[in-house]
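Here are some exercises to work through with the model open beside you. Try each task before you read its solution.

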There are 2 protein chains.
Amino acid sequence: MLKLYSYWRSSASYRVRIALNLKGLPYEIEPVHLVRDGGQQHSAAYRAINPQSRVPLLVDGPFRLNQSQAILEYLEARHPQPSLLPGDMRQQARIRAFCMTITADVQPLQNTSVLKYLEAPLGVAEAARTEWLRHWITRGLEALEQEYAATAAAFVFGDAPTMAECVLVPQLYAAARFDCDVARFRRLADIGERCAALPAFQRAHPDVQPDAGG
Amino acid sequence: MLKLYSYWRSSASYRVRIALNLKGLPYEIEPVHLVRDGGQQHSAAYRAINPQSRVPLLVDGPFRLNQSQAILEYLEARHPQPSLLPGDMRQQARIRAFCMTITADVQPLQNTSVLKYLEAPLGVAEAARTEWLRHWITRGLEALEQEYAATAAAFVFGDAPTMAECVLVPQLYAAARFDCDVARFRRLADIGERCAALPAFQRAHPDVQPDAGG
């Protein structure tokens, strides 16, 4: 069975949980708590499995893979149906660009390790850290909202969720967590609500993970 | 002909220039200077083409695509030979994970807009900003060095450059620019030197771009 090293609140882990659920793949969660014990990702045991000391990590038999975006692509190649990258090469390119706007431009700036570094050594106060979060999250979501506001399908790329929603929904969760006003991104928020009604997304939600809380 | 909106020093633009050259595709560079005129990416003219106000942007006939990683994948799908994602699905996954360690974990933290935000409003002094850069670049390159130190091929994934080198070489360039000690990442630095001997990489180098300098 597939095994996913995951942290309940990690956006990157959440992305992969959604993809696994959308594809109907059975998997086992191995929690790695990024806060407890000074960060379990730094433990010798976990570093032996993943020298990058990050989550998620997917284990598929003898094969280990880190980096959520690479994992999403791997799941798509290994289990093509239902597809999370539907359409022709241009549609696929648009889906990937949507994902990367979050994966490369937003999420890295809200990462736990980055927020910690801002606190110390940089000494950035909590209010300014919150402002930092809002700035980058708003900038990224605004760009996507502007790009897709005029589209009318149930989901970003048609009548079913794709890789785009695997990445969008955890970002909306993070935005709400950091007190960003998500409602102003009307189109994205609508899509998020539609996803929230689907079991694949419900079972991937941070609150129902075995390591939730703390 | 393909057109690439590019900034000479942007790592993300540099990645795409390398890929275009490795695939032997003719293209035209349209410079977008991220510093001059308060940042030409914010001009109304450029925003009309790319609301994200970022580079690179690839234009392929009527099709416009942003996000360097999505562009690399699109070029691979549209012009499969020579392949920048060779091998079976696991090898492809490893190549993508290598790329994402830089694209999602390192480069976003050295982005011009992030360095500017650290300066103001956060008021982080220059020495501390340099330390920030070194911290994230070192962390990312160290992880990759550790993962690939024991491999012996000429390039990261065999005897020819792949998507991995498209992303690695601009990161090594940025590391040197920000005074990181690249030599300690022996395996990565060796690969970087091997790439530097190839015309595809030489012609993609920031210093020979039409907008170089300033």
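Before you start, one convention: two strands count as paired if DSSP finds at least two bridges between them. Helices (H or I, at least four residues) and strands (E, at least two) are DSSP runs, numbered from the N terminus. This is a predicted model, where local features need pLDDT of at least 70 and side-chain atom pairs count only at pLDDT 80 or more, while totals for chains, interfaces and linings use all residues. Residues are numbered from 1 along each chain as its sequence is written, and chains are lettered from A and ligands numbered from 1 in the order in which they are written.

**Exercise 1. Work out how strand 3 of chain A pairs with strand 1 and strand 4 of chain A.**

Step 1: take strand 1 (residues 2-6) and strand 3 (residues 57-60) of chain A; they run antiparallel and are joined by three bridges. Lys3(A) sits opposite Val59(A) of strand 3.

Step 2: now go to the other pair. Strand 3 and strand 4 of chain A are also antiparallel, with four bridges between them. Look for Leu57(A) opposite Asn66(A), and for Asp60(A) opposite Phe63(A).

Step 3: check the turn. The hairpin of strand 3 and strand 4 of chain A has two residues between the strands, and Gly61(A) has a positive phi near 65° there.

**Exercise 2. Find the strand order of the sheet in chain B, and say why strand 2 and strand 4 have one side without a neighbour.**

Step 1: the sheet is open, has four strands with mixed pairing, and reads 2-1-3-4.

Step 2: strand 2 (27-31) and strand 4 (63-66) of chain B are at the edges with a single partner strand each, so one side of each has no neighbour in the sheet.

Step 3: ignoring direction, neighbouring strands of this sheet are turned by 20° against each other on average. For angles like the ones below, axes are lines fitted to C-alpha atoms, for helices over the stretch in contact, and values run from 0 to 180 degrees between N-to-C directions.

Step 4: look at the pairs. Strand 1 (residues 2-6) and strand 3 (residues 57-60) of chain B run antiparallel over three bridges, and Tyr5(B) has Leu57(B) as its bridge partner. Helix 1 (residues 11-22) of chain B packs on this sheet, touching strand 1, strand 2 and strand 3, and its direction makes about 155° with that of strand 1. Contact here means that C-beta atoms, placed from the backbone, lie within 7 Å.

Step 5: finish at the hairpin. Strand 3 and strand 4 of chain B are antiparallel over four bridges, with Asp60(B) opposite Phe63(B). Gly61(B), in the hairpin with two residues between the strands, takes a positive phi near 65°.

**Exercise 3. Describe how helix 1 and helix 8 of chain A cross.**

Step 1: the axes of helix 1 (residues 11-22) and helix 8 (residues 163-177) of chain A come within 8 Å and cross at roughly 140°.

Step 2: that makes helix 1 of chain A oblique to helix 8 of chain A. For the cut-offs, angles under 35 degrees are roughly parallel, over 145 roughly antiparallel, 65 to 115 roughly perpendicular, and the rest oblique.

Step 3: pick out the contact residues. Helix 1 of chain A brings Tyr14(A) and Ile18(A), among others, and helix 8 of chain A brings residues including Val167(A), Pro170(A) and Tyr173(A).

**Exercise 4. Which elements of chain A supply at least two residues of the side that touches chain B?**

Step 1: start with the totals: 34 residues of chain A are in contact with 34 residues of chain B.

Step 2: list the elements. They are strand 4 (63-66), helix 3, helix 4 (89-103), helix 5 (107-110), helix 6 (112-119) and helix 7 (126-148) of chain A.

Note on methods. Contact = placed C-beta atoms within 7 Å.
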